[in-house]
Every structure is written in C-alpha cells, then in structure tokens.
Amino acid sequence: MPEIQMPKLSDTMTEGTLVSWRKNVGDKVSAGDVLAEIETDKATMEWEATDDGVLKKIYVPEGGKVNVGERIAFIGGEGEEAPDDSGKDED
C-alpha cells in the first residue's frame, strides 16, 4: 500500500500547508474519500485518497508545512504496519 506524499497541486507549488485532516488514524478510506485540506501558494484544496485501505499513520500534523514529495501519511491494508519514522527530522 502507498506512502502518501505531498502532491504538487499547482505549477508553482514547492510546499503546502496541511490545513486539516478529514480522516483519523484507524479510519477506513476508499479511493475518492477526502483525506485532508491542503493550502497551496494559490488556494486551499481538498485532497482525495487514491487507494482503499486504513489510514495507519499521519506524519504531518494540522498546520504543518511540507515540501512537495515529502511523506504526509500512510494507507495500509488490514494488519499492515506503517514504515518506521525513527530518525526522521521533525521541524
């Protein structure tokens, strides 16, 4: 299952702010469900899941700024664990 990364939601976007999570760790998600709201350099947009599974881990709290391509969450299958985030530099 996928590690979810900060998407590039506009041509000029280099980072985004995770405004709010719409799902909590442990929630089942389906492709198309809104996971979060992300603020770009131009607008605040809803961001949808692309896979079915369970939201296993949130790496970025609400209000956190994240560069495009950095991980923000992990959606896994039943019994699957999120990758260890030890050693990750927290800002």
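Predicted model: local features only at pLDDT ≥ 70, side-chain atom pairs only at ≥ 80, totals over all residues.
User: Is S20 buried or exposed?
Analyst: The cut-off for buried is under 20% relative accessible area. S20 comes out at 16%, so S20 counts as buried.

User: And what does S20 touch?
Analyst: Leaving aside residues up to four places away in sequence, S20 touches A36, E37 and E62.

User: How do I read a sheet, and what is the strand order in the one with β2?
Analyst: The general idea: strands of a sheet pair through backbone hydrogen bonds, either parallel or antiparallel. Here you have an open sheet of 4 strands, ordered β5-β4-β2-β7, and the pairing is antiparallel. At the edges are β5 (44–48) and β7 (65–67), each pairing on one side only. On average, neighbouring strands of this sheet are turned by 40 degrees against each other, ignoring direction.

User: How many bridges link β4 and β5?
Analyst: There are 5 bridges between β4 (residues 34–39) and β5, in the antiparallel sense. To find one on screen, pick A36: its bridge partner in β5 is W47. A36 is also one of the residues S20 touches.

User: What is the strand order in the sheet with β1?
Analyst: That open sheet of 4 strands runs β1-β8-β6-β3, with antiparallel pairing. Its edge strands are β1 (3–5) and β3 (28–29), each with pairing on one side only.

User: Which residue in β6 stands opposite V29?
Analyst: Look for G53. β3 and β6 (residues 53–58) pair in the antiparallel sense over 2 bridges.

How values were computed:
Residues numbered from 1 in each chain as written. Heavy atoms only, no water. Pairing = 2+ DSSP bridges. Axes fitted to C-alpha atoms, helices over the stretch in contact; angles between N-to-C directions. Buried < 20%, exposed > 50% of the residue type's maximum accessible area, 1.4 Å probe, protein only. Contact = heavy atoms within 4.5 Å.
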